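User: Let's go through this one and check each label against its cut-off.

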Amino acid sequence: MTESAPQSTAVVAGAEVLPSSEIRGALRASLPVGVGLFPLGIALGVLVVQQGLSPWWALVFTSLIYAGSLEFVAVGLVTAMAPLPYIALTALLVNFRHVFYALSFPLDTIKGRAARLYSMFALTDEAYAMAVTSDRKTVSGRMIVYTQLYLHAYWIGGAGLGAIAAQWIPDNIVGMDFALTALFVVLSIEAVRAQRGLAVPLMGVTCAVVARLIDVDRMLPLAMGAFVSLLVLRYVLTRQKGAADA
């Protein structure tokens, strides 16, 4: 009896073997998000050059910071020569929401210290939304990491292209940064479709509106804190109801 042909594989880091189907699956999953990330990276690359920095700084920002909106803020802070403690505090406030991402991100499915470290580094809003709305029975930890690698590549590639092409792009061009808003709209729609009912999306919208009315400058941490508190309360009440019905 003859054995069937082995599935095509790819070697990762000289040791781990990853089925090529997972690599292709990660590429397909990342493409819709990459359509938004790539032009947004171009906008960042253009901004870097227009602020008087060398084009290679666009690659530094996207490779080492990789935090989306924070990178746009960081460009202004660097060119203004802001003190390091001020930059650190700004980074904490802008990316404070990532603290809550760890509560539900499936890091336990990712094997290997290097893969976990990179996955934590590359835990952007887009990567988080894709990971938590995917079916955990069909999406492996390796596919999550490769999806993050693709998203990172779109971001770096877009910034590099924008930095190179900045000399031909008019200074008064507007609307490129709207790609981030449009991208989050698509991700929100997918998240709502993955939820059962509208309770959680309505809680999120309510928290955002109330936080904006209270303090526009601190809207994000207020909204995220209130939303997480409501989720915890909902979880406790659901468990108590389940225990009472048992």
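Analyst: Axes are lines fitted to C-alpha atoms, for helices over the stretch in contact, with angles from 0 to 180 degrees between N-to-C directions. Helices are DSSP runs (H or I, at least four residues), numbered from the N terminus. This is a predicted model, where local features need pLDDT of at least 70 and side-chain atom pairs pLDDT 80 or more. Residues count from 1 along each chain, and side-chain values use heavy atoms.

User: Why is α1 called roughly parallel to α3?

Analyst: The axes of α1 (residues 20-50) and α3 (residues 69-79) come within 10 Å and cross at roughly 5°. Roughly parallel means under 35 degrees, so α1 and α3 get that label.

User: Which residues of α1 meet α3?

Analyst: Leu40, Ala43, Leu44, Leu47 and Val48 meet Glu71, Phe72 and Val75 of α3. By type, this contact has seven nonpolar residues, no polar and one charged.

User: What is Val94 in contact with, leaving aside neighbours within four places in sequence?

Analyst: Contact means heavy atoms within 4.5 Å, and Val94 has Ser69, Leu70 and Leu220 on its list. Val94 lies in α4. Leu220 is 126 residues away along the chain, yet the C-alpha atoms of Val94 and Leu220 are separated by 8.1 Å.

Note on methods:
Helices (H or I, at least four residues) and strands (E, at least two) are DSSP runs, numbered from the N terminus. Angles under 35 degrees count as roughly parallel, over 145 as roughly antiparallel, 65 to 115 as roughly perpendicular and the rest as oblique. Ala, Val, Leu, Ile, Met, Phe, Trp, Tyr, Cys and Pro count as nonpolar, Asp, Glu, Lys and Arg as charged, and the others, Gly among them, as polar.
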